[in-house]
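User: Could you please help me read this structure? I would like to go through it step by step.

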2 protein chains.
Amino acid sequence: MATIRDVAKRAGVSVTTVSRALNGYSDVNEKTRERIKEIAKELKYSPNLLARSLVMKKTKTIGLLVSGLKIEGSKDNFTYEVLCGVNDCAGQLGYELVLISTDSQKQQEKTYNQLVQERKVEGIILQGIKTDDPYLEEVLKSDIPCILIDIPMESDSVGYVTTDNKDGAKSAVTHLLDLGHKHIGMINGHSQAFVSQERLDGYQEALQEKGIAFNGSYVVDGAFLEEKAETETAKLLQKHPELTALFCASDLMAMGAIRAAKKMGRKLPEELSIVGFDNIILSAYSTPSLTTIAQDRYQLGFEATKLLTDMLEGNKGSKRKVLNTTFIKRESTSENHN
Amino acid sequence: MATIRDVAKRAGVSVTTVSRALNGYSDVNEKTRERIKEIAKELKYSPNLLARSLVMKKTKTIGLLVSGLKIEGSKDNFTYEVLCGVNDCAGQLGYELVLISTDSQKQQEKTYNQLVQERKVEGIILQGIKTDDPYLEEVLKSDIPCILIDIPMESDSVGYVTTDNKDGAKSAVTHLLDLGHKHIGMINGHSQAFVSQERLDGYQEALQEKGIAFNGSYVVDGAFLEEKAETETAKLLQKHPELTALFCASDLMAMGAIRAAKKMGRKLPEELSIVGFDNIILSAYSTPSLTTIAQDRYQLGFEATKLLTDMLEGNKGSKRKVLNTTFIKRESTSENHN
DNA sequence: TTCATCCCCCAAAACGTTTCGGATATGATT
DNA sequence: AATCATATCCGAAACGTTTTGGGGGATGAA
């Protein structure tokens, strides 16, 4: 590996001049600059980023910290698609991306600050963290720039990007109401996610606007898990046979709900309408295919990165961004025939 | 950020001693070692990895270079699951992971060597590269340690990990033959993937063992794409109505095949048996669910990382690993009734 | 001639580590 | 008393950059 010294020697100038020539400073003669560039190319010189970072105290690196990077994530692809967005944006802006993953085990050993400082990243995007995670508090106190995904919290150094969950949920439920459904259940996610509360809010607001009373026993906790959703749905339908429609806070849970309904012999969608949230791949392939609220996970990652790099480069501006959802009609919803 | 100098000052020793104390050298008194550790913790000292790497010429970092890290990858999750495996193994072994993605555009600008040297990674895992990619040649010439995924090529510094594609394909086709099918089509992947050839070999070998002549016109190119597979399947079935079964070189293509068959009014699986390859999530949810050959993508990533770190640490040993497949029976295959 | 301006260039310090080659003190051995 | 081995410690160099604070020469103006 050729160093800057090699180039300097060969060019008969000082390392200072090489550095300044290559970095586009104006106090170097154009002729010598060209010569230096020539030689650099000849020697296949490329600056040692470690050395550069060490002196400049900038690494041009961001980290994607994901809590629970597990194979189960394949089902909703949330993390993968966020990752794609982050990667694309970071690439465009010349930032390197390091992937950091934690789990409750690792968190015992290292604090957030340690974890992040060690990796020498300038900023962090946080994905998949729950609201009761001890890291979250640390993040908000720390002065390491950070963007949270789907956790609407801010501080001087942290911002967030999320989807308009309330509005999305509202349009889902409104869709069901428009189809004539009066008794609509909800399979919500666990309470360690902000989005659960938001989606519940949307559910309630939609009901309220149509003058339908909210019934707490119509809402159950599916914990964002397919199996849990299946058993909870079964129980719910058993207990409340009057339900003709379900709003699920995630497509994956909707898959569980579909299975539960099928097992109970309910005809879909004639005897039970189901709408999900997320628009995961599966929702287009299931039988019946799933009417759902699409959120753009790629964009979530992309915007998070944009926000983060803006912060890093000192561009003052909003540190939050809320994305819109899109309603997607498929087969799993139909008019209420009761 | 506290530096080693701060610790040294506070402890009243030299930086050398602090360094050696913290790194477990024996030529430092246990008492002072304890004192230094104490102070280090007190000052929240953690060594600057940039500085360390600079002098040690080791970064303890590996790169996952993926060609075409795109949102479309959501459908088969190949990259995501490999990533999970790489991440887990790297984490266990104390390596950092940086994600590098390229596309044909970026490859114009930077050679493989540049791309990799700049990032200061010690080794690379290469995923998603096609056989006609110019990078591949460069990889084999380069002396940067590298593990290829699903490309069985070796050199002094590069090894590979892959699945036993031929055997997997063979068992898929054998399954169909055992069900009494005599005319079996194949929707293969494009020829820029090694696995395509291997799976074709397995297909042929299975036929041969049962004494059935190979018919080249039964094999079409679905390019690993769902849509392409759909149109190719439609054409194939039209041209060869005698076909009662299909072997698809990927589950995603099988999805296309299923759709094509349905559109033609074929009853599945009674009038057409289909077996896929991969065992992607979708295959369990489609109607009919897909009989397939499972390959462990997570393990692929995990083993790749193990191989790579072995190389990096000078452990001489095999630089290749071939994983086995598992046959999974679902609804899409049944006995031949003709 | 003298002085101020540019234009180019450079030596040296700094970043935070690790490591090499001693240095010192202590105690044991001869 | 002299020598030697051992246990601890340390100064300084090295890694490859960027940046700071000039320095010298040419040019133009006074």
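**The DNA contact and the two chains**

Analyst: H4(A) gives the most to the surface near DNA strand D, with five residues. Helices here are DSSP runs (H or I, at least four residues), numbered from the N terminus. This is a predicted model, in which local features need pLDDT of at least 70, side-chain atom pairs count only at pLDDT 80 or more, and totals for chains, interfaces and linings use all residues. Residues are numbered from 1 along each chain as its sequence is written, while chains are lettered from A and ligands numbered from 1 in the order in which they are written.

User: Now the chains: what rotation superposes chain A on chain B?
Analyst: A rotation of 180 degrees, with 0.0 Å of shift along its axis, superposes them with an RMSD of 0.1 Å. The two copies are thus related as by a two-fold rotation axis. Superposition is by least squares on the C-alpha atoms of residues with pLDDT of at least 70 in both copies.

User: And which C-alpha of chain A is nearest the axis?
Analyst: That of A:Val98, which lies 2.1 Å from the axis.

User: Why do the copies meet through the same surface?
Analyst: They do so because 100% of the interface residues of chain A are also interface residues in chain B. Two residues are in contact if their C-beta atoms, placed from the backbone, lie within 7 Å.
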